[in-house]
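Trainee: I have the sequence and the model open side by side. Could we go through some of the local features together?

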Amino acid sequence: MELSFIYLNFPFWRAEVSRITLYSAGINFENRIILPDEFKNVKANGKLNDGTCIPHHQLPCLLVDGYPIVQTGAIARFCGKLAGSYPTNDDLLAAQIDQFIDFSTDITVLVSNTGRDDSEQEKRTKRAALADGELGRKLNILENNIKDSGDWIIRDEMGLADIAIWRLMGWISSGTVDGIPSDILQKYPKIKRVCLAVDNTSKIRDWVQLTYPEGYNRGNFN
């Protein structure tokens, strides 16, 4: 099976949850990076410059023997099954994993859409209010749905949910999202605990060294 993962040169959780799952399991894949100009063509025409079809006109996209799969959850489940980290015969466990991937999407949409069409100052103001408002409420919900002890969210080993939360929280706490304070996770010790556990995993550190831009801020987890 030939796998080609297509995304921008940005280690966002929507891509990382699947790429790291494959990498951690030793599954070979092409990590194909496209430039912003080519992404504009994807959004407009649903195709890469070489004519590769990108369904739904959005990324990430995973090519499986040339067949394109899109949507974060669909790709993550597919990769998780290949890697043995997503169940094929336990529907309840699968749903438990899915709910954290879907919740990560909810938070992403909330932050991304806030102030999107406003001036930079208005965007920062609205996102600063978001940190103490709806985003804070969602982080409280996430905190309350993580176990009181142990490194991982669902099972006794790192899985899709842990990787998704680590990279999403890294983005939110990086100081690069206008208006969101870099210390936003200080009130959420269980979220921080999971993020630190992922961040300190040897496979994660290897992947970061191999693929992340030099000096990239993975987040404020301390």
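**Helices, charges and cysteines**

Trainee: Which residue, with a positive phi, follows helix 2?
Mentor: The phi there is near 70 degrees, on the positive side. Helices here are DSSP runs of H or I with at least four residues, strands are runs of E with at least two, and both are numbered from the N terminus. The residue that follows helix 2 is Gly 46.

Trainee: Before we go further, what pLDDT do side-chain atom pairs need to count?
Mentor: Residues are numbered from 1 along each chain as its sequence is written, and side-chain values use heavy atoms, leaving out hydrogens and water. This is a predicted model, where local features need pLDDT of at least 70, totals for chains, interfaces and linings use all residues, and side-chain atom pairs count only at pLDDT 80 or more.

Trainee: Which residues of helix 2 are buried, and how wide an arc around the axis do they cover?
Mentor: In helix 2 (residues 36–45), Glu 38, Phe 39 and Val 42 are buried, meaning under 20% relative accessible area, while exposed is over 50% and partly exposed lies in between (1.4 Å probe, protein chains only). The arc is taken from the directions from the helix axis to the C-beta atoms. These residues sit on the same side of helix 2, because the arc they cover is only 105 degrees.

Trainee: What do those buried residues of helix 2 pack against?
Mentor: The other side of helix 2 carries exposed residues, including Pro 36, Lys 40 and Asn 45. Contact means heavy atoms within 4.5 Å. The buried residues pack against strand 1 (3–8) and strand 2 (30–34).

Trainee: Which residues are joined with Lys 138 into one network?
Mentor: Lys 138 forms a salt bridge with Glu 134, with the closest N and O atoms 3.9 Å apart. Both lie in helix 6 (residues 134–144), 4 residues apart, about one turn of the helix. Through salt bridges that share partners, Lys 138 is joined into one network with Glu 134 and Arg 137.

Trainee: Lys 192 is buried yet has no salt bridge, so which backbone oxygen does its side chain reach?
Mentor: Lys 192 is in helix 8 (residues 189–199). Counting Lys and Arg as positive and Asp and Glu as negative, with His and the chain ends not counted, the nearest side chain of opposite charge is Glu 143, 9.5 Å away. At 3.3 Å, the side chain of Lys 192 reaches the backbone oxygen of Asn 222.

Trainee: Arg 167 is also buried; how far away is the nearest side chain of opposite charge?
Mentor: Arg 167 lies in helix 7. Not counting residues up to four places away in sequence, it touches several residues, among them Trp 13, Glu 16 and Tyr 212. Arg 167 has no salt bridge, and the nearest opposite charge, on Glu 16, is at 5.8 Å.

Trainee: Last one: how many disulfides are there, and how far from Cys 61 is the nearest cysteine sulfur?
Mentor: With a disulfide taken as a pair of cysteine sulfur atoms within 2.5 Å, the count is 0. Cys 61 is in no disulfide, and the nearest cysteine sulfur, that of Cys 53, is away by 7.9 Å.

Terms used:
Salt bridge = Lys/Arg side-chain N within 4 Å of Asp/Glu carboxyl O. Polar contact = N/O pair within 3.5 Å; in protein donor to acceptor, adjacent residues only side chain to side chain.
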